[in-house]
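Subject: Structure for you to look at

Hello,

Here is the structure I said I would pass on. Please open it alongside this message and follow along.

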Amino acid sequence: MSRNLLSAADLSAPEAQIILDSAEQMYAIQSRQVKKLPTLRGRTVVNLFFEDSTRTRSSFEIAGKWLSADVINISAKGSSVSKGESLRDTALTVAAMGVDALVVRHATSGAVQRITEWVDCSVVNAGDGTHEHPTQALLDAFSLRRRIGDLAGRHVVIVGDLTHSRVARSNVLLLHTLGADVTLVAPPTLMPAGVASWNCATSWDLDATLSGEVNGVVDAVMMLRVQRERMSGGYFPTEREYAISYGLNPRRLKLLPKDAPILHPGPMNRGLEISSAAADGDRSIVLDQVKSGVAVRMSVLYHLLAGVDQPAPVLEEVSP
Ligand code: NCD
């Protein structure tokens, strides 16, 4: 594995499996009383977030801390970015303090890749514009695998605002690498340009897809947020109409096989893309996705900083 994780396409199938397998060990730590491993003691991880985040930033912070790394958070609000400092100057300044890994979120697609051209430390893409969010795809695969087993040959349906979704793009890449079949469902206005060249099927008909009429029986469905902040209007007539046509409402839930898990990366717009019946029901694995996120990010930080060829991390506890 290279020293950076910018795209889900950076990972070969064996590399993705190694990250997911190590995450399995990390996941077990969450039920221990002392959630601390000495693995990254003396290493420094900086979360550099130029865009809002609740779960991704705290998840990386907890992951780094549980591995005993020193973790610092910098957000654009409250930093010199608000004084007009350039992305390059901010990145070089932070890197000059001797950090081992920069975890970066930015509103511009490609911004995280640019940073790798300026700094020598590891860089992890925590979401760049509408481009990619590889650790989200890894945690989705991890959480899904825990629920339905090996993903090879399984059919995952991803529904919603695909045009603005970095989560969808990373998921299509990783699920394909892991051998799953993906169907993307959205209204024509929210289907990404160039989707014909992606490794997946597409449909505008959610009812038919969930019923298995489009691409076979559905093994899991992932609902995506309608990203109002990235829209300049006009993608669908009204929110009510969107909810009726593309929301996972109680009527539509009945079309989905009874054992098919429901995913959502969060934050959720309840009543728009997902009903509370779907978000809070037995099939929802939304909170397990959050839990899995910490384990997967521990695994990613471990493999980037210690190398993928290293033996599995020593999981002895730090004394309390
Ligand atoms: C996603 C993101 O920020 O890309 N959320 C997340 O990281 N859990 C999806 C979204 O914002 O809708």
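In which sense do strand S5 and strand S8 pair, and over how many bridges? The pairing is parallel, and 4 bridges join S5 (residues 155–159) to S8 (residues 220–223). One place to look is Val156, whose bridge partner in S8 is Ala220. Before going further, note that this is a predicted model.

The sheet with S5 and S8

These two strands belong to an open sheet of 5 strands. Reading across, the order is S7-S6-S5-S8-S9, with parallel pairing. At the edges are strand S7 (201–203) and strand S9 (262–263), each of which pairs on one side only. As background, the strands of a sheet pair through hydrogen bonds of the backbone, and this can be parallel or antiparallel.

The other sheet

There is also an open sheet of 4 strands, in the order S2-S1-S3-S4, and its pairing is parallel. Its edge strands are S2 (70–75) and S4 (122–128), and each of them pairs on one side only. On average, neighbouring strands in this sheet are turned by 15° against each other, direction ignored.

Within this sheet, S3 (residues 101–106) pairs with S4 over 5 bridges in the parallel sense. If you want a residue pair to find on screen, Val103 has Val124 in S4 as its bridge partner.

Which strands does helix H2 touch? Helix H2 (residues 55–66) packs on the sheet and touches S1 (44–49), S2, S3 and S4. The direction of H2 makes about 160° with that of S2. Helix H11 (residues 286–306) packs on the sheet as well, touching S1, S3 and S4. For H11, the angle is about 145° with the direction of S4.

Follow the chain from H2 to S2 and you pass through a loop that holds Ser68. Ser68 is not a glycine, yet its phi is positive, at about 70°.

The domains

The protein is divided into domain 1 (8–132 + 293–305) and domain 2 (134–289). Domain 1 is therefore written as two stretches of sequence, with domain 2 given as one. The C-alpha centres of the two domains lie 25 Å apart. Their contact takes 31 residues from domain 1 and 25 residues from domain 2.

The ligand

Which residues surround the ligand? Among them are Arg55, Thr56, Arg105, His133, Arg166, Val167, Gln227 and Pro265. In Gln136, a polar side-chain atom lies 3.3 Å from a nitrogen atom of the ligand. In Arg225, a polar side-chain atom is 2.7 Å from a ligand oxygen atom. Gly266 takes part through its backbone: a polar atom there is 2.9 Å from a nitrogen atom of the ligand.

How much of the ligand does the protein cover? On its own the ligand has 320 Å² of accessible area, and the protein covers 94% of that.

The peptide bond from Gly266 to Pro267 is cis, with omega near -5°. Pro267 lies in the loop between S9 and helix H10 (276–280).

Regards

Technical notes. Residues are numbered from 1 along each chain as its sequence is written. This is a predicted model: local features need pLDDT of at least 70, side-chain atom pairs count only at pLDDT 80 or more; totals for chains, interfaces and linings use all residues. Side-chain values use heavy atoms; hydrogens and water are left out. Two strands pair if DSSP finds at least two bridges between them. Axes are lines fitted to C-alpha atoms, for helices over the stretch in contact, and angles run from 0 to 180 degrees between N-to-C directions. Contact means heavy atoms within 4.5 Å. A residue is near a molecule or strand if one of its heavy atoms lies within 4 Å of it. A polar contact is a pair of N or O atoms within 3.5 Å; within protein, one must be able to donate a hydrogen and the other to accept it, and residues adjacent in sequence count only if both atoms are side-chain atoms. Accessible areas come from the Shrake-Rupley method with a 1.4 Å probe; for residues, only the protein chains shown count as cover.
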